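Hi,

Here is the structure I said I would pass on.

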Amino acid sequence: MKLGVNSGFSATRNCMLASPAVFRRQEFLIRCLGGYSSYQKGIQGVKSMAGPTSEADSENILRAITPTLDQSKHKGQAGKIAVIGGCREYTGAPYFAAISALKIGADLSHVFCTKDAAPVIKSYSPEIIVHPILEESYSVGDEDQASISSKVLAEVDKWMERFDCLVVGPGLGRDPFLLDCVSRIMKHARESSVPIVVDGDGLFLVTNCLDLVSDYPLAVLTPNVNEYKRLIQKVLNCEVNDEDSHGQLLSLAEQIGGVTILRKGKSDLITDGKTVKSVSIYGSPRRCGGQGDILSGSVAVFISWARKLRAAPDWDTSISPKNPTILGCVAGSTLLRKAASLAFEDKKRSTLTTDIIEYLGRSLEDICPVN
Ligand SMILES: NC(=O)C1=CN([C@@H]2O[C@H](COP(=O)(O)OP(=O)(O)OC[C@H]3O[C@@H](n4cnc5c(N)ncnc54)[C@H](OP(=O)(O)O)[C@@H]3O)[C@@H](O)[C@H]2O)[C@@H](O)CC1
Ligand SMILES: Nc1ncnc2c1ncn2[C@@H]1O[C@H](COP(=O)(O)OP(=O)(O)OP(=O)(O)O)[C@@H](O)[C@H]1O
Ligand SMILES: [Mg+2]
């Protein structure tokens with residue numbers, strides 16, 4: 001985690017650059033806030049004055065990063081996504097993430113889950129490639145843990161370099177042995193420079209072990225209200241302050257070390273520690289479970305597309321912001337909210353996550369028609 005000397009240096013430097021009025025306000029903030037170091041408070045005070053959050057140019061970003069469909073392409077080029085999640089309790093969440101990735105346009109979608117969850121997830125859809133490899137403590141004796149953990153890692157590693165993005169956490173559960181295996185998978189993904197979208201129980205894991213993502217610019221955290229609260233408490237050692245959502249979000253991303261954070265809520269707020277973009281287009285008033293899972297699968301696809309586009313020689317340099325993880329978050333959030341709004345128009349109070357998934361295709365088509 002990027003605390004201590006570096007943070008202290010940037011806070012001190014920012015103090016030196018601030019005008020007397022800014023400096024006084026900063027001192028006031030430092031006096032008002034309790035519970036964490038003066039360096040951290042200094043950063044937060046400066047960040048809260050870094051300017052208002054601006055609404056992302058959502059539909060244009062979505063159009064810019066969505067690839068054309070043409071006959072020159074082969075299977076795999078539009079994205080290969082892997083979801084690490086699915087256990088005894090939760091089979092819906094990894095399915096929602098994986099199927100959403102396919103419905104948006106990824107070519108292949110894998111799920112790595114526990115042995116119990118696999119037949120259930122396979123039965124939801126033949127489109128998803130399901131690997132029943134994860135184990136929970138109840139099915140593994142202490143003496144077997146090391147060998148099983150290495151086996152799990154070897155199974156995922158066979159595929160790792162083929163993936164354009166991992167989604168870690170939807171329906172993963174919180175079993176300590178399973179989370180330990182997933183930590184090892186995340187370390188290998190980092191070594192292979194595979195982007196990682198961390199959601200659900202993946203955020204529970206990461207909040208307790210920030211080193212898994214800190215200073216990794218290809219990590220994207222997508223916390224809901226509870227997950228965000230836990231992150232703020234752990235990293236900034238204070239409570240969520242909605243009067244300064246912009247500054248607090250920037251501080252959080254900076255303290256973790258340049259990861260991208262998509263804070264879900266009435267408006268989705270997205271930052272990479274440098275800029276904050278919001279996506280506020282109207283979604284749906286239904287808060288049925290599973291919408292965050294659609295979002296994580298969608299963000300994974302759009303990040304893959306944005307990264308490919310950036311690497312292309314004809315990359316449109318006028319697209320702003322430039323960071324592919326931010327672009328992916330903006331596009332994913334926009335599409336989910338549009339699909340949720342169309343599903344709600346149709347189904348009203350009975351709108352469910354599966355209804356929203358059915359509108360992903362039409363939503364993308366409305367914004368970015370196939371020519
Ligand atoms: N159809 C499906 O399969 C769906 C499955 N889903 C999956 O569910 C998982 C949890 O995600 P979520 O969104 O419910 O978590 P969140 O808002 O942090 O917690 C809400 C409250 O519950 C509690 N709590 C949670 N887990 C706990 C545990 N193991 N043991 C004890 N307490 C626990 C939590 O308590 P706290 O952590 O604050 O102590 C808080 O008060 C995640 O894998 C997600 O992907 C969803 O995507 C929806 C669709
Ligand atoms: N109050 C709200 N108003 C409008 N949209 C919202 C609101 N809260 C969340 N959303 C939208 O719903 C999406 C999912 O956010 P939510 O907070 O439900 O995630 P989650 O709790 O992780 O979901 P899941 O049940 O899949 O775990 C977000 O992208 C956001 O756009
Ligand atoms: Mg969630």
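**A glycine to start with**

G76 is exposed, with 12 other C-beta atoms within 10 Å. On burial, the cut-offs are 20 or more other C-beta atoms within 10 Å of a residue's own for buried, 12 or fewer for exposed, and partly exposed in between, with C-beta atoms placed from the backbone. You'll find G76 in the loop between α4 (58-65) and β2. Leaving out residues up to four places away in sequence, G76 touches D107 and L108; touching, or contact, means C-beta atoms, placed from the backbone, within 7 Å. From G76 to L352 it is 276 residues in sequence and 30 Å in space, C-alpha to C-alpha.

Before you go further, some housekeeping. This is a predicted model, so local features need pLDDT of at least 70 and side-chain atom pairs count only at pLDDT 80 or more, while totals for chains, interfaces and linings use all residues. Residues are numbered from 1 along each chain as its sequence is written, chains are lettered from A and ligands numbered from 1 in the order in which they are written.

**The overall picture**

The protein chain has 371 residues, and 48% of them are buried. Its secondary structure comes to 15 helices and ten strands; these are DSSP runs numbered from the N terminus, H or I of at least four residues for helices and E of at least two for strands. Of the contacts in the chain with a separation of 6 or more, 72% are between residues 24 or more positions apart.

**The sheet**

Ten strands make an open sheet with mixed pairing, in the order β1-β10-β9-β8-β7-β6-β5-β2-β3-β4. Its edge strands are β1 (54-55) and β4 (129-134), each of which pairs on one side only. Strands count as paired if DSSP finds at least two bridges between them.

β2 (residues 80-84) runs parallel to β3, joined by five bridges, and V83 stands opposite V111 in β3. β3 also pairs with β4, again in the parallel sense and over five bridges, with F112 opposite H131 in β4.

Elsewhere in the sheet the pairing is antiparallel. Three bridges join β8 (residues 260-263) to β9 (residues 268-271) in that sense, and a hairpin of four residues links the two. L262 has I270 in β9 as its bridge partner. β9 then pairs with β10 (residues 276-279), antiparallel over four bridges, and L269 stands opposite S278 in β10. In that hairpin, which has four residues between the strands, G273 takes a positive phi near 95°. As for the side chains of β9, D268 and I270 point one way and L269 and T271 the other, and all are buried.

**The core**

In soluble globular proteins, nonpolar side chains tend to be buried together. Here the largest nonpolar core has 100 residues, of which I81, V182, V198 and V220 touch the most other members. Such a core is a set of buried Ala, Val, Leu, Ile, Met, Phe, Trp, Tyr and Cys residues joined through C-beta atoms within 7 Å. Helix α13 (residues 324-347) gives the largest share of this core, twelve residues. Not counting residues up to four places away in sequence, the contacts of I81 include A101, F163, V167 and V301.

Helix α5 (residues 92-104) is mostly covered, with twelve of its 13 residues buried. After α5 comes G105, whose phi is positive, near 145°.

Which residues are closest to ligand 1? They are G92, A93, G200, N226 and G289, out of 17 that surround ligand 1, where near means a C-beta atom, placed from the backbone, within 6 Å. α5, α10 (225-235) and α12 (291-311) are the elements that give two or more residues to this shell.

Ligand 2 is surrounded by 17 residues, the closest being N224, K264, G289, Q291 and G292. The largest share of the shell around ligand 2, four residues, comes from α12, and α12 and α13 each supply at least two.

Conventions: Contact = placed C-beta atoms within 7 Å.
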